[in-house]
Amino acid sequence: MRPLFIGGNRVDTPDTRSNINPSNLNDVIDHYCVADAKLTERAIDAAVEAFSAWSVSDIQLRHDVLRRTADEIFARRHELGNLLSREEGKTLKEGIAEVTRAANIFWFFAGEALRATGEIVPSVRSGATVEITREPVGVIGIISPWNFPIAIPAWKIAPALCYGNTVVFKPAELVPGCAWEVADILHRAGLPAGVLNFVYGPGSVVGQAILDSPKVNAVSFTGSVDTGKRVAEACARHMRRCQLEMGGKNPLVVLDDADLENAVECAIDGSYFSTGQRCTASSRLIVTEGIYSRFVEACVDRLNGQRIGDARDPNTTIGPVVDQSQLDQDIDYIELGRREGANLRWGGLRLSAVSEGFYLQPALFIDSGPHMRINREEIFGPVASVIRARNYEEALSLANDTPFGLTAGICTSSFKHVQHFKRHAQAGMVMVNMPTAGVDFHVPFGGSKGSSLGQREQGTYAREFFTQVKTSYQRP
Ligand code: NAD
């Protein structure tokens, strides 16, 4: 049984929740203690108390804790990657890559702890100087989703701690395993008591208690648009900052002059790897007429070669869906797509033969219309649809015709169209001749329009959210 971490103590609770493997429902990974609103308040109080010392702690201490955490995560990447695939269902290769990314993020912010800078500027008032420095914000509430069980906690926790904040961290209900390991590693790496508190439990109880507390100074959230709106409303009520990363309906534009093989690779990777459960997944494949049929047939060829199965089987290329309710949602959308008149060209069947898990054949719709609900709403599963466009101009307009704006991709060999697309795609991230999903650990991550609100995550840009600016005047 895995405890909570509150004020540096391991806290057991009578209430626990089992972590179940979506590849094999008979496999119970472990049992995790569940917090309630009272324990969450205790965790917030512990973070408030720890802030006074941590906010002015030596940068050497912060660097050492973050570096030791990175070192251990990297050294254990195969074991933790295995745990990640077992609890979330992405393939072992993807699981190990995500753990490695988390280690890189902790290394990056271990370095950032030593690179804090400020400015000294002359004043317009005689004899005075002005100093501009950055200070931590306070207690940060961190609320994460299930689809990146270690990378998203890492890219929120590492900068929060690096810049001197304390944290109350609530991972998603479905994936407490890797999140717990990160909390445990940080404590063993020398993090002082109360600087990071781990409170696992339902969003409606633990998450809500974080949102309701006036002692929380900022909230960093990743998850669905509906929950994001709740977070934003609660933060507005308390007049505190929030950072929201939410859904996507990301387009991949394929033009007639694209390298067909690469375009298909981008489409299959972007749409279906990680079982399509990525906010950056390409779910709308917008293809111009001259390449349309060849593109569809080549995608079908590639889909025929996919192995859907146990996430930890080395032959598997696409693992299971994360749980029953996500599976139901995917199947409902596949049914809806058919009713709306899109042509289900490949897949979409529930697979029961592999083992007792949430297996679904990836689905490819063709001849779909831009106004169909399958092209407007985030499905968050292995479902993509092809939309026909007459030319680049129409493809761009279809790509931008969405309330979301996380990523947008284009496959083309035209320099003119690449330059135009980079400038005019309404998205926070643009990928040229690359899949829409999969971004580096050291550069800003985030979207535009309805996908994101607040400052960017990752890289040096993370500083904007996790610090506040102070301007000091001085006369000798
Ligand atoms: P979700 O909104 O259901 O849950 C996200 C987190 O919010 C969980 O920890 C949950 O327990 C918590 N929560 C739920 N109700 C709450 C409440 N009332 N108060 C406070 N917290 C509450 O999302 P999910 O199903 O875990 O994740 C899938 C979604 O996440 C998709 O929409 C996906 O696009 C999005 N996502 C976005 C990004 C990004 O960076 N843009 C990355 C990954 C996932």
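Predicted model: local features only at pLDDT ≥ 70, side-chain atom pairs only at ≥ 80, totals over all residues.
Residues are numbered from 1 along each chain as its sequence is written, and side-chain values use heavy atoms, with hydrogens and water left out.

A pocket here is an open set of points on a 1 Å grid over the protein atoms alone, where a 1.4 Å probe fits, with protein on both sides within 12 Å along at least five of seven lines, and lining residues have an atom within 4 Å of a point. Helices are DSSP runs of H or I with at least four residues, strands are runs of E with at least two, and both are numbered from the N terminus.

This second pocket has a volume of about 700 Å³, a volume being the space filled by probe spheres set on points joined across faces, edges and corners. Of its 28 lining residues, K93, E94, A97, S274 and R278 are the closest to its centre.

Turning to the largest pocket, it holds about 820 Å³ of space and is lined by 33 residues, with P145, W146, G223, S224 and T227 nearest its centre. Helix α7 gives the most to this lining, with five residues. The largest pocket lies between domain 1 (4–246 + 451–474) and domain 2 (251–432), because both give residues to its lining; the domain bounds come from an automatic or database assignment.
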